[in-house]
Amino acid sequence: MLRLFRVLGRLRACRHWTKITELSARLSSTKAAPRFRRMDYQDAVCTLNTLQTNASALEQVKRERGHPELQLQAMRGFLQRAGLKLDLCIVCFLHSLFSSPHLVQVRERIRINGQPIGKELFTKYFWQVYCRLEETKDAHGGSMPAYFRFLTILAFHIFLQEKVDLAVFEVGIGGAYDCTNIIRRPWVCGISSLGIDHTSILGDTIEKIAWQKGGIFKPGVPAFTVKQPDGPKKVLQERAEEIGCSLSVCPDLEKYQSEGSLRLGLAGHHQRSNASLALQLSHTWLQRHFLTDPASSSPVEFSGVSPAPAFQPSPAMIKGLAETEWPGRNQTLKHGPVTYFLDGAHTTRSMQACVRWFNEIAPQHERNAGGPVVRVLLFNATGERDCGAMLKLLVPCFFDFAVFCPNITEAIATCNADQQNFNVSVENMLTRCLDNQQSWRVLNGQEEKPEAELLIGGGLPLVAERHRDTLVFPCILSALQWISQGRDSVLSDPNKCVIPVKPSINAKAALLREAVNIHVLITGSLHLVGGALKHLDPALNS
């Protein structure tokens, strides 16, 4: 919060200045919980968070951007300082429909046998790596790895120490220059459906982005992708030819030989191509790693883009597809009369998939409601995302309320360091919410009303139109509490702080109180979805 007030001076010309200062004062009025004095899990996460704003680390990343050899050289240097020698079975998997920050706890980023590593394990290995790098930094110009680089090094260390049989690594951003791209010879590589994201780093066209993604290909290592538009498909083909590897396109899921259709545990039509890619990656690794025929593991050279053959999935594969769970992606949570539809879509392409899923599943629930149903959108987006384009896709869903809030889990400071993000200032988050609110009004043909009634005393504004109300809340919890109107027993936990709302604003929620069911779509940001799940699914905190 101190950092917030240092930069307020240059924001006085901002059109949302008064609104921002009102909420900032409210957020800063609470006292932060004291740090634990022993070196426990929270200490580890707090220390990890300092790497988000480590000036030297960020400057190093900036210098190296666009120079792959410098980036990979730096990453190998950090691994050497940490005492790591990479001798893992690796599958490089680039999944671009969603990026994958953690939803609730940072431990979710590193999993063994499908489960996040325990707090004790995370804490033990974190301090081993951190202290080793800290001890050697003076001999290397005082350098420490930035946040994601550190997590990548930590993951390598944990997988080596725990002696895993196979490590699956998801690329962070792009591919060619990503810090995960230091494995010289993985078993297999895969690229899923491409979309426009991180344009300042990857390029502003789908073809430029495809070039970056194809950077994970390795000489002689088989690569797979799903069906792509002609432009990026051609670029991936050229990259495969340049690097010297085979490239195969995964078949439709219906082509696999199975008794009956393959059932997926994940909702959403787009997950079918992801499932086909997963089948090809796992099948290829099993063939190359376990078959006794030497030819099955020999290098494969480029011979054009070919269709990957469909095969008969094993019972274990069929079971895996059916039982896969992925919180925050096409997820439905029913809490009595309130049903939450959560999807971390944050690009135009992924939002199209989210809208398609919501338009398929929401009517199914509404047909069984037996009375009026109110639809609510809870939205936020961060970074350079095209919020207007995403909101435009959501307009035809016909929401009765559109609610906007920053990715702040609750306005009361807590000791939960897992969801702290020091790269985005509070005032920027609030400005984005207010901009999104105005964009939604314009998209719905509503005029701006300067004489707005205040949502919370000394807080943010509310402009209401009948059945097209738009609201901005200071945090995720306050938004969820207003939307549910006390009808969600999970949110009615007496241990949760309830932010007071003016009676006149509560009166505007009559539609929510009278409806038989409330349907809430939470989307636009994985951080928003994660903050919501922290309150809606307490089991994720344990």
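**Helix packing and a buried arginine in a predicted model**

Helix H16 (residues 476-484) packs against helix H19 (residues 526-536) at an angle of about 65°, and their axes are 10 Å apart. The model is a predicted one.

Q: Which handedness does the crossing of H16 and H19 have?
A: The contact joins Ile476, Leu477 and Leu480 of H16 to residues of H19 that include His527, Leu528 and Gly531. The crossing of H16 and H19 is right-handed.

Q: Which term describes the orientation of H14 to H15?
A: Helix H14 (residues 387-394) and helix H15 (residues 426-443) pack at an angle of about 45°, with their axes 10 Å apart. Angles under 35 degrees count as roughly parallel, and those of 65 to 115 as roughly perpendicular. The angle of about 45° therefore makes H14, relative to H15, oblique.

Q: How many charged residues does the contact of H14 with H15 have?
A: On the H14 side, the contact is made by Cys387, Gly388, Leu391, Lys392 and Leu394, and on the H15 side by Arg432, Asn436, Ser439, Trp440 and Leu443. By class, this contact has 5 nonpolar and 3 polar residues, and the number of charged residues is 2.

Q: Is Arg375 buried or exposed?
A: Arg375 is found in strand S11 (residues 373-379). Its relative accessibility is 12%, and buried means under 20%. Arg375 therefore counts as buried.

Q: Which residue has its backbone oxygen reached by the side chain of Arg375 at 2.6 Å?
A: Leaving aside neighbours within four places in sequence, Arg375 is in contact with residues including Phe358, Glu366, Cys397, Asp400 and His519. The backbone oxygen that the side chain of Arg375 reaches at 2.6 Å belongs to Cys397.

Note on methods. Residues numbered from 1 in each chain as written. Predicted model: local features only at pLDDT ≥ 70, side-chain atom pairs only at ≥ 80, totals over all residues. Heavy atoms only, no water. Helix = DSSP H or I, 4+ residues; strand = E, 2+ residues; numbered from the N terminus. Buried < 20%, exposed > 50% of the residue type's maximum accessible area, 1.4 Å probe, protein only. Polar contact = N/O pair within 3.5 Å; in protein donor to acceptor, adjacent residues only side chain to side chain. Contact = heavy atoms within 4.5 Å. Axes fitted to C-alpha atoms, helices over the stretch in contact; angles between N-to-C directions. Parallel < 35°, antiparallel > 145°, perpendicular 65-115°, else oblique. Nonpolar A, V, L, I, M, F, W, Y, C, P; charged D, E, K, R; others polar. Left-handed = near helix turned anticlockwise from the far one by under 90°.
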